[in-house]
Amino acid sequence: MRAKKYVIGNFKGGVGKSTVAQMLGFESAYHYNLKTLIVDLDMQGNTSDVMNLTHMNYSKEDGGGENTPINFEYTIADVLMEDIPVEKAIYQVINNLDILPADMSFEEYDNWSTVNYPESIDRFKYMDEKLSPLYDKYDVIYIDVPPSISNFSKSAMYIADWAIVVLQTQVKSMRNAMQYLEYMDFFTETFESDLKVVGVIPFMLETGDSVDKEMYEQAKDIYGEHLIKNVVLKNARLKRYDGSGITTERTKKGTLKQWDRKTHELFIAIFDELKEHETWY
Ligand SMILES: Nc1ncnc2c1ncn2[C@@H]1O[C@H](COP(=O)(O)OP(=O)(O)OP(=O)(O)O)[C@@H](O)[C@H]1O
Ligand SMILES: [Mg+2]
C-alpha cells in the first residue's frame with residue numbers, strides 16, 4: 001500500500017479548505033472503506049476538533065467514541081520537535097479514518113525548524129521524513145494547511161502528490177485559486193517536486209441562483225477542465241458540522257436523513273470527480 005497524498009490549498013483564509021479535507025476524508029473512509037488519514041498542519045486545530053466531535057458521534061461498533069472525546073496526548077508538534085514517533089500521534093476517528101492532530105503548540109515549529117534547518121528544502125525534507133512511516137499504512141492522506149504561504153503550506157506542497165484547490169467564487173474576483181496554482185508552478189520547478197493539480201472545487205457561498213451560472217462559466221474560463229462540476233453551495237448542514245462534528249443521521253427505516261444525505265452525496269460526487277481527473281495524468 002502506498003498512500004496517495006493530497007494537499008488542500010488556497011492561500012486565502014476561510015474559503016473551505018478544512019471543510020474539504022474533513023468531508024473528503026470522511027467519504028473516503030466511511031463510504032469507500034479506504035484506509036484514510038487526515039493530517040492537520042494548522043495550529044488553529046479546527047480539523048482536529050471537528051474530527052474529535054465526529055468521533056463522539058459514532059458508536060464503538062463504528063470505531064467511534066460514543067460521546068467520549070479522544071485525548072490528543074501527542075500532536076504533530078511533538079512528532080516534529082520532541083522526537084515522538086509519529087504512530088503515537090495517530091488517533092482513530094471512526095473505522096478507517098485516523099487523524100494526526102495539531103494544536104497551538106505547533107506555532108513554535110516555524111521558528112524551531114528555521115533554526116534547525118536554515119535551508120527551506122531541508123525543512124520540507126525533514127517533515128516528509130518524519131511522516132514517512134505512515135505512507136505505507138494508508139490508501140489516502142489528506143493534508144489540511146493554514147492560509148498564507150508559509151513553512152507549513154510549503155512543506156505540505158512538498159510532501160503531497162496531488163493538490164486539490166478550493167475556489168471561493170466571488171462576484172468581484174474568481175482568481176483567488178489562481179494565486180495558489182501559480183505558486184505551485186514556481187514551487188514544483190524550484191524544488192523539483194511533481195505535485196499535480198487534481199481539481200478546483202468551487203464554493204459558491206455569496207449569491208442566489210441567478211448569478212451562479214454566470215459565475216460558474218467565468219470560473220470555467222479561468223480554470224478550464226480542472227474545475228469540478230459539483231458546486232458547493234451555501235449549506236447549513238456543512239456549517240453545522242463545524243460545531244457538531246460530521247453526522248450520518250438515519251431515519252427509522254435506516255436511510256440517511258435528507259440533509260446529511262445531500263451533503264454526503266455531494267462530497268462523494270466530488271471525490272469521484274477528483275478520482276476521474278487523476279486518470280488524465
Ligand atoms: N458550503 C458551506 N455553507 C456554509 N458554510 C460553510 C460552507 N463551507 C464551509 N462553511 C463554513 O465556513 C467556515 C470556513 O470554512 P473552513 O474552515 O473550511 O475554511 P478554511 O479555508 O479552512 O479556513 P482557514 O483559512 O481559517 O483554515 C466554517 O465555519 C465552515 O463551517
Ligand atoms: Mg482551515
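A residue counts as near a molecule or strand if one of its heavy atoms lies within 4 Å of it. This is a predicted model, in which local features need pLDDT of at least 70, side-chain atom pairs count only at pLDDT 80 or more, and totals for chains, interfaces and linings use all residues. Residues are numbered from 1 along each chain as its sequence is written, and side-chain values use heavy atoms, with hydrogens and water left out.

Of the 20 residues around ligand 1, Lys17, Ser18, Thr19, Leu233 and Asp242 come nearest. The shell comprises 7 nonpolar, 7 polar (Gly among them by class) and 6 charged (Asp, Glu, Lys, Arg) residues.

Next, display the polar contacts, pairs of N or O atoms within 3.5 Å. The side chain of Lys17 places an N or O atom 2.8 Å from an oxygen atom of ligand 1. A polar backbone atom of Ser18 is likewise 2.8 Å from a ligand 1 oxygen atom. For Val15, a backbone N or O atom lies 3.0 Å from an oxygen atom of ligand 1.

Now colour by secondary structure, where helices (H or I, at least four residues) and strands (E, at least two) are DSSP runs numbered from the N terminus. Helix 1 (17-31), strand 8 (232-233) and helix 9 (236-244) each give two or more residues to the shell around ligand 1.

An open sheet of mixed pairing holds 8 strands in the order 3-4-2-5-1-6-7-8; two strands pair if DSSP finds at least two bridges between them. Strand 3 (91-94) and strand 8 stand at the edges with a single partner strand each, so one side of each lacks a neighbour in the sheet. Strand 3 runs antiparallel to strand 4 (residues 97-100), joined by 3 bridges. Gln92 has Asp98 in strand 4 as its bridge partner.

Technical notes:
Chains lettered and ligands numbered in written order. Polar contact = N/O pair within 3.5 Å; in protein donor to acceptor, adjacent residues only side chain to side chain.
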